Amino acid sequence: MPLFNGTTEGPQMDPLDKLIAEIQVISLWVMFCIGLPGNLIVIVWIYVNLRRRSRINTIVLGLASADLMVCFFGMLANALYIPIKNHFLCKIFFLCIGLSLIGSPNMVIVMAIDRHQAVIYPLKKFVSARKLVLIGWLVALLLASPQLYVWSYNEGKQRCATTFNEGTSGKLIYLLYIALITFLVPLMLICFAYSRISYKIWVKAQEHGGKCSSKKGKVNLKRSGNKSLSKAKVKTLKMTVVIIFFFVFCTLPYFVIEIARLATSKNFGHIYGICSTLAVANSAINPYIFLAFNLTKRFWSDFMVLVGRNCPCRGRNNADNSFISVRFSSSNSRLDPSSRGVTFVSRVNQETSIVPDDDVDSL
């Protein structure tokens, strides 16, 4: 669950609340079973497509890594509810929770900043995607560091608990800090970036008489045609907008309810249970949004090559006789094997190329 879990410090639950808690656990298991393979497939997709040096792929790799951490520390750990009875492990555990839950929105911010620069300043050199992702993780680690102070092992309660005393404003301040760094600031930065992107596209569309023209794989944003938005970039923008939508949709209700609980001392029972579970759901949704925009038949063929090469259960004879993909560089190569740049054949345990050495890299 999110960084501050109101259920860690409270009275005994009544039967109805216990039932709701059990439903929450089941929901966490379902989300974990959905999110884990989804994020792993995204990482495999990026590995298979290493030849495509795309900025957005690097950023999505950072997002998938953060979402994987959320799957383990935000979903699985809460579903299993394994008690930690060690002061050091307690602090490290909640530091990892903080790192994952701050890292995920940070990657969304990085994605928004990258798209902003690509559209607003297309010809201006910007920080590399790897550096952006690294900065996002370092900022997440810095912002998560208060977890080392806030959480500790409580001897009296025999579990990890916050260090705040009852009746103090510490919990409210802590929750406001978490809401600020994991939701409010990311939302403001994202809105700023995409409002500028939308305005730029709208202005250029007006120069075309109120609409953007599409020609030869590009969406022209200027009458002279010097500046244009490629269809690939448009697809990336759409994907990012969908990811941001689900980020807001999943996260906003939790912080509204959590702040209302502390401000009014009301429990909000069932609503709180639903919102707290929904808060980590976007980490299970994100990979499938990416896959929906990028998955192709070619990915599955390359994926089977990867599985075949690393699966010890495949027999060698079967592997040697299994052609995974054949690519031709010209239409005449099917008929004339002696022609230049004929084919490139990938086998499970063997790669055979009859393409001249100077043409292999161009495939």
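Helix α2 passes helix α4 in a right-handed crossing. This is a predicted model, and in it the axes of α2 (residues 55-80) and α4 (residues 129-144) come within 8 Å and cross at roughly 25°. That angle makes α2 roughly parallel to α4, because angles under 35 degrees count as roughly parallel.

Who does the touching here? On the α2 side, the contact is made by Arg55, Thr58, Ile59, Gly62, Ser65, Ala66 and Met69. Across from them, α4 brings in Ala129, Arg130, Leu132, Val133 and Trp137. Sorted by class, the α2 contact with α4 comes out at 7 nonpolar, 3 polar and 2 charged residues.

The hand is left-handed as α2 passes α9. From α2, the residues making this contact are Asn57, Val60, Leu63, Asp67, Val70 and Met75. From α9 they are Ser283, Ala284, Asn286, Pro287 and Phe290. By class, the α2 and α9 contact has 7 nonpolar, 3 polar and 1 charged residues.

**α1 and α8**

Then there is the pair of helix α1 (residues 15-48) and helix α8 (residues 269-278), which pack at about 15° with their axes 10 Å apart. That makes α1 roughly parallel to α8, and their crossing is right-handed. In α1, the residues involved are Leu16, Ile20, Gln24, Ser27, Leu28 and Met31, and they meet His270, Gly273, Ser276 and Thr277 of α8. What is the class make-up of the contact of α1 with α8? There are 4 nonpolar and 6 polar residues, and no charged ones.

| Helix pair | Axis angle | Axis distance |
|---|---|---|
| α2 and α4 | roughly 25° | within 8 Å |
| α1 and α8 | about 15° | 10 Å |

**Cysteines**

How many disulfides does the structure hold? The count is 1, and the partners are Cys90 and Cys160, whose sulfur atoms sit 2.2 Å apart. Cys90 lies in helix α3 (residues 87-120) and Cys160 in strand β2 (residues 159-162), so the bond ties together parts that are 70 residues apart in sequence. Are these two cysteines buried or exposed? Cys90 counts as buried, at 0% relative accessibility. Cys160 is buried too, with a relative accessible area of 11%, because the label buried goes to anything under 20%.

As for other cysteines, Cys33 is in no disulfide. The nearest cysteine sulfur to Cys33 belongs to Cys71 and is 9.9 Å away, whereas the disulfide cut-off is 2.5 Å. Cys191 is partly exposed, with a relative accessible area of 45%.

Phe183 is found in helix α6 (residues 170-206). With 3% relative accessibility, Phe183 counts as buried. What does Phe183 contact, once neighbours within four places in sequence are left aside? The list is Ile178, Phe247, Val248, Thr251, Leu252 and Phe255. One of these, Thr251, is 68 residues from Phe183 in sequence, yet the C-alpha to C-alpha distance is 7.1 Å.

Thr240 lies in helix α7 (residues 231-264). At 0% relative accessibility, Thr240 counts as buried. Not counting residues up to four places away in sequence, Thr240 touches Met111, Arg115 and Tyr194. Of these, Met111 and Arg115 fall within the residue range of α3, while Tyr194 falls within that of α6.

**The whole chain**

Stepping back, the protein chain has 11 helices and 8 strands. It runs to 363 residues, of which 44% count as buried. Among contacts in the chain with a separation of 6 or more, 70% come from residues 24 or more positions apart.

Methods:
Residues numbered from 1 in each chain as written. Predicted model: local features only at pLDDT ≥ 70, side-chain atom pairs only at ≥ 80, totals over all residues. Heavy atoms only, no water. Axes fitted to C-alpha atoms, helices over the stretch in contact; angles between N-to-C directions. Helix = DSSP H or I, 4+ residues; strand = E, 2+ residues; numbered from the N terminus. Parallel < 35°, antiparallel > 145°, perpendicular 65-115°, else oblique. Left-handed = near helix turned anticlockwise from the far one by under 90°. Contact = heavy atoms within 4.5 Å. Nonpolar A, V, L, I, M, F, W, Y, C, P; charged D, E, K, R; others polar. Buried < 20%, exposed > 50% of the residue type's maximum accessible area, 1.4 Å probe, protein only.
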